[in-house]
Amino acid sequence: MMMAASYSLVIEGISFTEGDDTSEISPLVRTAISSIHGLLFILSTKSFLDHHEDLKVAGLAGADARKVLLIIFVMTLHSFSEGIGIGVSFGGTNGSELGVFISASLAVHNVPEGLAVAIVLLPRGISKLTAALWYIVTSLPQPLMAVPAFLFVHAFIPFLPVGLGFAGGAMAWVALYELLMEAIEDTDVLTTGFFSGISLVAMLKMQDIIDEGARH
């Protein structure tokens, strides 16, 4: 589901068209470059965390704390981009229709993002309430960034493909090299591949349904 969400974020960045976009660099280039930067940023963050074995978070320490902190950090970071996307979409040329579509689309993305936080925290003994609170915290940047992005839409529009690409690249790394690898270790390749494939198809289908509704 997170891979599907990452894919959707990148596609939205590449296909971004807005008359008020003053950047001379195409959305494709901005999204592609920022996606690579998202991957590199997560790699550098992971390397930094690996060199600090005494980290503690949510009552966890060691490798568990580093993994939890990385997931929470990525989810919080990409929420900034999603918040900008929501605010810009409501302030654009077709804000009344596009804003609702983007908000609904990102609301769907929030499902796998919440699951990502939960499946990292709950198996490590963190309570359901604490896990739920952590997910709320990781999503707070969405409404916080949506308001200034709407108020200053012309300044934020050129950065939307950059933010979407960065978020998509970062989430793709976490999905592939953190969550899927852990799933394979806990089960096996066949089980992980089967359920990952079903989740991917379901998430993409849900995205298509939202797109179709927006067009009508």
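**Group meeting: a walk through a helical chain**

Quick housekeeping. This is a predicted model, where local features need pLDDT of at least 70 and side-chain atom pairs count only at pLDDT 80 or more, while totals for chains, interfaces and linings use all residues. Residues are numbered from 1 along each chain as its sequence is written, and side-chain values use heavy atoms, leaving out hydrogens and water.

Now the overall layout. The chain has nine helices and two strands, in the order α-α-β-β-α-α-α-α-α-α-α from the N terminus. Those are DSSP runs, numbered from the N terminus: helices are H or I with at least four residues, strands are E with at least two.

What share of the 216 residues is buried? It's 45%, where buried means under 20% relative accessible area, exposed over 50%, and partly exposed in between, with a 1.4 Å probe and protein chains only.

Let's look at helix 1, residues 2-14. Its 13 residues should span 18 Å, and the end C-alpha atoms are 18 Å apart, so the two agree. Its buried residues are Met2, Ala4, Ala5, Ser6, Ser8, Leu9, Glu12 and Gly13.

Next, Thr31, which sits in helix 2 (residues 27-50). Thr31 counts as buried because its relative accessibility is 0%. Leaving aside residues up to four places away in sequence, Thr31 touches Val10, Gly13, Ile14, Pro161 and Gly165, a contact being heavy atoms within 4.5 Å.

For contrast, take Leu140, in the loop between helix 5 (128-139) and helix 6 (141-151). Why is Leu140 called partly exposed? Because its relative accessibility is 42%.

Last stop, and back to where we began: helix 8, along with helix 1, helix 4 (95-121) and helix 9 (189-215), each supply at least two residues to the lining of the largest pocket. Thanks, everyone!

Methods:
The expected span of a helix is 1.5 Å times one less than its number of residues.
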